[in-house]
Amino acid sequence: MRDVTFAEDASQLRTGTAPRAMATCRNLAIGALRLAGKTSIAAGLRHNARDARRPLVLLGLT
């Protein structure tokens with residue numbers, strides 16, 4: 001899922017701990033969307049990308 005939705009194979013982060021950190025961030029995003037009841041991760045990402053406050057609300061930070 002991460003490869004299709006986030007295009008991980010095209011990522012240019014290849015050294016140090018950056019690939020692992022980005023994978024962790026992507027897993028966090030997928031987990032948060034699933035906990036919020038989203039059935040389509042891609043649609044959830046698009047919905048949250050439209051307004052900078054939505055991801056904060058999703059994570060309970062507002």
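Leucine 59 lies in the segment that follows helix 4 (54–58). Helices (H or I, at least four residues) and strands (E, at least two) are DSSP runs, numbered from the N terminus. Leucine 59 is partly exposed, its relative accessible area being 45%. In this report, buried means under 20% relative accessible area, exposed means over 50%, and partly exposed lies in between (1.4 Å probe, protein chains only).

This is a predicted model, in which local features need pLDDT of at least 70 and side-chain atom pairs count only at pLDDT 80 or more, while totals for chains, interfaces and linings use all residues. Residues are numbered from 1 along each chain as its sequence is written, and side-chain values use heavy atoms, with hydrogens and water left out.

**Confidence and overall form**

The pLDDT (the predictor's confidence in each residue, from 0 to 100) averages 90 over the chain, and 100% of the residues score at least 70. Among the elements, the lowest mean pLDDT, 80, belongs to helix 1 (residues 2–6), and the highest, 94, to helix 3 (residues 41–49).

The chain has four helices and zero strands, giving the pattern α-α-α-α along the sequence. Along the principal axes, its C-alpha atoms fill a box of roughly 35 × 20 × 20 Å. Of the 62 residues, 15% count as buried. Contact means heavy atoms within 4.5 Å; of the contacts between residues at least 6 apart in sequence, 37% join residues at least 24 apart.

**Helix 3**

Ile41, Gly44 and Asn48 are buried in helix 3. Seen down the helix axis, the buried residues fall within an arc of 60°, so they line one face of helix 3; the arc is that of the directions from the helix axis to the C-beta atoms. An α-helix has 3.6 residues a turn, so residues three or four places apart point the same way. The buried residues of helix 3 pack against helix 1, helix 2 (18–35) and helix 4.

Histidine 47 also belongs to helix 3, and at 31% relative accessibility it is partly exposed. Apart from its neighbours within four places in sequence, histidine 47 is in contact with Lys38 and Arg54.

**Salt bridges**

The structure holds two salt bridges, each defined as a side-chain nitrogen of Lys or Arg within 4 Å of a carboxyl oxygen of Asp or Glu.

| Salt bridge | N to O distance |
|---|---|
| Arginine 26 – glutamate 8 | 3.2 Å |
| Arginine 53 – aspartate 51 | 3.3 Å |

Arginine 26 and glutamate 8 form one of these salt bridges. This pair links distant parts of the chain, 18 residues apart: arginine 26 is in helix 2, and glutamate 8 is in the loop between helix 1 and helix 2. Arginine 26 counts as buried, at 12% relative accessibility. In the salt bridge of arginine 53 with aspartate 51, arginine 53 is exposed, with a relative accessible area of 57%, whereas aspartate 51 is partly exposed at 22%.

**Surface**

The chain exposes about 4,700 Å², of which carbon and sulfur atoms supply 57%. Accessible areas come from the Shrake-Rupley method with a 1.4 Å probe; for residues, only the protein chains shown count as cover. Leu28, Leu56, Leu59 and Leu61 make a nonpolar surface patch of about 390 Å². Patches are made of residues with over 30% relative accessible area and no salt bridge: like charges are joined within 9 Å, nonpolar side chains (Val, Leu, Ile, Met, Phe, Trp, Tyr) within 5 Å.
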